[in-house]
Amino acid sequence: MPKDGIGASTKRREDIRFLTGNGHYTDDINLRGQTYAVFVRSQVAHGKLNKVDTSTAAGMPGVLRVFTGEDFAAVGGVPCGWQVTDKHGKVMLEPKHPVLAQGKVRYVGDAIAVVVAETEAQARDAAEAVVVDIDELPAVIDMKAAVAGGPLVHDEIGSNLCYDWGFVEENKAATDAAFETAAHVTTLELVNNRLVPNAMEPRVAVGDYERSTGQHTLYTTSQNPHVIRLLMGAFVLGIPEQKLRVVAPDVGGGFGSKIFHYVEEAFVTFAAKVVNRPVKWTAQRSESFITDAHGRDHVTKIQLAMDKDGHFLALRTDTYANMGAYLSTFAPSVPTWLHGTLMAGNYKTPLIYVNVKAVFTNTVPVDAYRGAGRPEATYQLERVIDKAARELGIDPIELRRRNFVQPNEFPYQTPVAVVYDTGNYQATMDKLIEIADLAGFDKRRAESAKHGKLRGLGVNCYIEACGIAPSHLVGQLGARAGLYESATVRVNATGGIVVMTGSHSHGQGHETAFPQVIADMIGIPADSVEIVHGDTANTPMGMGTYGSRSLAVGGSAMVKATNKIIAKAKKIAAHLLEASDADIELKDGKFSVAGTDKSVDWGSVCLAAYVPHNYPLESLEPGLEETAFYDPSNFTYPAGAYACEVEVDPDTGKVKICSFAAADDFGNIVNPMIVDGQVHGGIGQGIGQALLESAVYDENGQLLSGSYMDYAMPRADDVPFYTVDHSCQTPCTHNPLGVKGCGEAGAIGSPPAVVNAVVDALQRAGHTSVTHIDMPLSPSRVWAAMQA
Amino acid sequence: MYAFEFKRPATLAEAVTALGAEEAQALGGGQTLIPTLKQRLAAPAVLVSLNGIAEIKGICTDDAGRLCIGGGTTHAAVAKGAGAYPALAALAGGIGDPAVRNRGTIGGSLANNDPSACYPSAVLASGATIVTNTRQIAADDYFQGMFTTALEPGEIITEVRFPVPMKANYQKFVQPASRFALVGVFVAQFKDGVRVAVTGASTGGVFRWTEAERALSANFSAAAVKGLKASADDLIADIHGGADYRAHLIGVLTGRAVAAC
Ligand SMILES: Cc1cc2nc3c(=O)[nH]c(=O)nc-3n(C[C@H](O)[C@H](O)[C@H](O)COP(=O)(O)OP(=O)(O)OC[C@H]3O[C@@H](n4cnc5c(N)ncnc54)[C@H](O)[C@@H]3O)c2cc1C
């Protein structure tokens with residue numbers, strides 16, 4: 001076995017370039033003759049666009065051209081990639097999303113015009129000289145007001161209600177009936193706060209056009225260049241794939257926000273041809289705040305019906321989900337298929353009904369953000385369970401255990417369509433109790449009390465669904481894309497390997513983890529394998545990276561392709577060893593004939609494939625390169641249990657996180673260190689959501705937290721050292737690696753732990769009326785709760 | 001940023017001359033001004049950097065025992081060099097992050113008079129004197145509301161003279177995002193009485209909490225301010241906290257500052 005195969009905590013090879021300033025990001029791309037685009041954006045949330053006067057701007061120094069909505073009248077709008085059908089069988093309302101505003105502006109940040117100039121400063125000067133005549137209209141920000149007859153965001157669709165989704169509609173009557181007779185019902189109303197993704201690297205797009213060949217190239221900060229090529233090429237600009245290359249080089253974090261096709265990408269691609277020069281756009285941070293798709297923003301009422309012993313009988317929820325002003329690429333799927341299907345959590349609740357109203361408002365579009373739908377599901381479920389435990393006087397851990405799906409009940413069919421293939425929720429809870437030293441809590445609490453601090457403990461479970469699939473199912477659910485992944489494994493003549501993957505790495509460590517898998521399969525050192533990703537010109541059509549899918553789906557495609565390689569290599573080896581290929585075994589990079597000492601090494605077989613002097617040419621093609629597409633048969637279901645301890649300052653309401661422990665079941669693990677890092681990052685974001693982050697709009701649609709002066713990102717001293725464990729492993733039963741996905745778990749599982757802990761601290765301190773505080777649990781909110 | 005002319009004089013006299021130009025503006029550490037320029041919210045024609053002027057940098061003690069800090073002295077230098085006034089050194093060490101402290105200056109902070117800035121509370125509570133190229137201004141006359149001071153256009157803060165109290169302490173409760181003061185309270189006990197200055201809280205900028213001063217002058221203990229409630233009138237209410245919350249924090253932090261003295 002190679003020492004750097006599956007299970008090794010190999011250091012991330014990509015970090016060498018990232019940490020030494022040698023990363024190659026989109027903004028590092030500067031093409032000869034490059035011009036610069038600066039957007040003129042709406043400063044009002046809602047308005048009738050009367051006239052855009054570009055005459056002064058067009059004559060300013062360095063200006064090549066000023067574009068407005070009229071320039072894009074003939075091209076398509078930015079498409080939505082998922083069509084949800086509502087509870088009446090009606091498809092969602094899908095308003096057009098033009099590249100540049102036409103007739104109306106719908107949120108602060110909506111693109112109105114663009115100046116392309118020789119330098120960025122010239123473009124910015126001219127952008128200020130574009131005169132925009134707008135009749136401001138009343139903005140609609142509150143979702144309930146929006147559906148209750150508020151001003152229309154899109155006049156032509158006649159409603160702000162995008163869809164009214166019921167899931168599972170057939171369960172509704174039985175669910176309601178169960179509530180009628182239940183011994184106890186717990187109700188909780190809550191807000192899942194709107195978040196700004198804040199990837200460290202702002203979005204950038206560079207368009208290039210080669211007139212002599214008609215070739216377009218778009219360099220962009222994307223998590224899925226093939227998807228952008230398809231969406232933009234086919235639906236917006238009408239450029240066939242063979243004439244359009246999309247490159248997403250090093251990408252400095254995405255968290256979902258770089259999945260989507262944005263108007264700026266279409267703009268630079270289009271404009272590069274018009275001005276016949278490369279066109280570059282780099283977002284300023286303040287622009288990122290008002291143009292990157294936001295996350296979450298749900299308002300929910302959840303009810304849990306139980307028998308007298310706390311067994312869950314039924315669950316129903318009513319959620320308003322903010323879509324913002326336009327449908328971002330995958331927005332409709334987030335509060336529906338990525339949310340409703342997870343409402344069973346880790347529990348056996350026989351009846352579940354989820355209602356989601358998706359609403360248009362005059363705000364930045366909302367779409368998938370780390371966890372996408374699953375954090376919203378987990379938060380409300382784990383909060384209502386905590387509240388129920390308190391109401392029933394049952395220990396919150398015991399109440400959860402009483403309702404767990406048991407280890408012998410897998411595969412488990414939930415009442416919300418999905419089938420959990422495997423899991424062991426008792427085991428992760430047991431592990432959590434051990435690693436979080438819950439037995440020592442009372443002592444620590446007494447210690448905190450000595451210092452005048454209120455200590456609380458929050459525990460919760462989570463389950464999530466990764467590697468969303470299979471394609472034929474998601475197609476039925478409204479996806480306008482397949483959700484397979486691809487890999488080409490190219491073995492070179494001297495035995496080194498290059499894997500061209502459709503997955504995309506923007507912080508996940510693919511360049512390290514993927515080679516570990518191949519190293520393990522073949523028995524060669526991991527450093528003889530390189531990963532190529534992010535360029536449609538040299539990778540097979542793939543769907544990119546999001547939803548913690550890379551290893552489970554992209555890795556599986558790579559395993560499939562590698563298996564084809566091994567099968568072929570065995571035939572070559574059989575020929576060289578004059579044996580039957582059925583007798584060839586591959587171990588530690590060596591092919592041998594079973595039961596003999598005859599063997600040939602990996603390198604010799606590869607050389608024979610490309611220098612086929614002694615080779616069965618009549619029955620076997622030369623070369624050693626295989627491509628595979630993998631379409632999973634089910635989601636994977638990572639699950640776990642989290643615990644958080646906090647101290648609340650009773651005088652100020654300030655919350656300090658004292659400890660955070662996570663026991664996750666991710667199935668098999670390829671690189672434990674990378675998994676630790678993914679969980680750390682996820683928990684950090686979850687703590688950010690729970691305590692700090694919030695995109696707040698005023699009633700006029702101005703983003704009040706539009707910069708780091710008001711939008712609080714978690715910093716190193718806001719978070720504790722984490723205790724993470726992933727030794728509880730129930731491998732996924734349906735992918736070849738038995739892996740589940742770990743990229744979002746931390747962000748999904750951690751917010752309820754934090755809020756449960758703060759409510760616990762206040763309850764223990766006698767604030768018995770405090771049953772809930774909405775995130776972020778800022779000092780002022782916690783203090784206000786204590787005054788009630 | 002808009003284009004501007006950049007000047008870097010070596011003496012105060014040259015700086016004064018340079019600032020006499022049309023639409024000239026002083027540049028201290030740039031920690032407030034540069035972000036403002038980058039957002040195109042300011043458009044000076046000439047930017048006069050005060051960074052090269054040695055005569056407005058440094059820390060010393062004058063004959064009256066006051067700690068004198070040059071207007072161009074960085075927060076980091078004060079944190080390190082104001083040992084004679086530990087509460088002031090601690091305040092400077094708690095501003096922003098190392099990058100901000102290594103560039104930002106006391107003169108820039110006071111000229112800017114951000115309602116959430118830390119220094120104004122120390123200056124007001126200490127009864128310090130702000131020295132400019134033309135005059136001396138008592139702290140009580142200097143702060144005139146949010147982002148407003150007694151400075152005339154082109155006037156340069158050359159020094160700040162702090163009487164050193166017997167006891168003093170600054171309590172800063174950070175705004176979670178900016179980490180400026182959501183509320184900051186500086187308590188200074190002198191022979192002839194106690195001064196309490198509050199920053200971060202008021203729409204009028206830094207102010208003295210006279211009720212607390214009276215109570216503490218009579219009895220310098222946390223207990224003396226325990227029941228005292230600051231008025232919520234004219235306090236800032238924003239997404240980080242309402243006026244009542246800020247009023248409450250003023251009381252809490254004053255008590256803590258006294259306890260920490
Ligand atoms: C990330 C960050 C965090 C921060 N956190 C805090 C904090 O916690 N607490 C806090 O108090 N501050 C904080 N600040 C502000 C910081 O203290 C600044 O340094 C200060 O506000 C301005 O000082 P400066 O020297 O950088 O001035 P500049 O930005 O250069 O100038 C500010 C203004 O003062 C004028 N000016 C500069 N020097 C003089 C002078 N000698 N005489 C007359 N006018 C002058 C300029 O013309 C300009 O109008 C923070 C800043 C940043 C960027």
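I took helices (H or I, at least four residues) and strands (E, at least two) as DSSP runs, numbered from the N terminus. The model I looked at is predicted, so I kept to pLDDT of at least 70 for local features and 80 or more for side-chain atom pairs, while totals for chains, interfaces and linings use all residues. I counted residues from 1 along each chain as its sequence is written, lettered chains from A and numbered ligands from 1 in the order in which they are written, and used heavy atoms for side-chain values, leaving out hydrogens and water.

**Backbone of chain A**

I looked up Ala417(A) and noted a positive phi of about 80°, although this residue is not a glycine; Ala417(A) is in the loop between β16 and β17 (419-420) of chain A. I then checked peptide bonds and found that the one from Phe410(A) to Pro411(A) is cis, with omega near -5°, Pro411(A) being placed in the loop between α10 (396-403) and β16 (412-413) of chain A. The bond from Ala469(A) to Pro470(A) is also cis, with omega near -15°, and I located Pro470(A) in the loop between β18 (454-463) and α13 (471-476) of chain A.

**Ligand**

Which residues come nearest to the ligand? I counted as near any residue with a heavy atom within 4 Å, and of the 28 residues around the ligand, Ala26(B), Gly29(B), Gly30(B), Leu33(B) and Thr105(B) come nearest. For polar contacts I used pairs of N or O atoms within 3.5 Å, where within protein one must be able to donate a hydrogen and the other to accept it, and residues adjacent in sequence count only if both atoms are side-chain atoms. A polar backbone atom of Gly30(B) lies 2.7 Å from a ligand oxygen, a backbone N or O atom of Gly96(B) lies 3.2 Å from an oxygen of the ligand, and for a polar backbone atom of Ser109(B) the distance to a ligand oxygen is 3.4 Å. Of the 960 Å² of accessible area that the ligand has on its own, the protein covers 89% (Shrake-Rupley method, 1.4 Å probe; for residues, only the protein chains shown count as cover). In chain B, β2 (24-27) and α6 (106-112) are the elements that give two or more residues to the shell, and α6(B) gives the largest share, 4 residues.

**Interface of chains B and A**

With contact taken as heavy atoms within 4.5 Å, 18 residues of chain B touch 23 residues of chain A. I noted a buried area (accessible area, 1.4 Å probe, lost by two parts on being put together, summed over both) of about 1800 Å² between the two chains, with 54% from carbon and sulfur atoms. Arg40(B), Arg179(B) and Ile239(B) supply 31% of the area that chain B buries against chain A, more than any other three residues.

For salt bridges I required a side-chain nitrogen of Lys or Arg within 4 Å of a carboxyl oxygen of Asp or Glu, and this rule finds 6 across the interface. In one of them Asp717(A) pairs with Arg179(B), the closest N and O atoms being 2.8 Å apart. Helix α11 (residues 243-260) of chain B gives the largest share, 6 residues, of the side of chain B that touches chain A.

**Salt bridges over all chains**

The count over all chains comes to 55 salt bridges, including one between Asp535(A) and Arg245(A) (2.7 Å, N to O). Because Asp535(A) lies in the loop between β21 (529-532) and α15 (550-577) of chain A and Arg245(A) in strand β11 (residues 244-247) of chain A, the pair ties together parts that are 290 residues apart in sequence.
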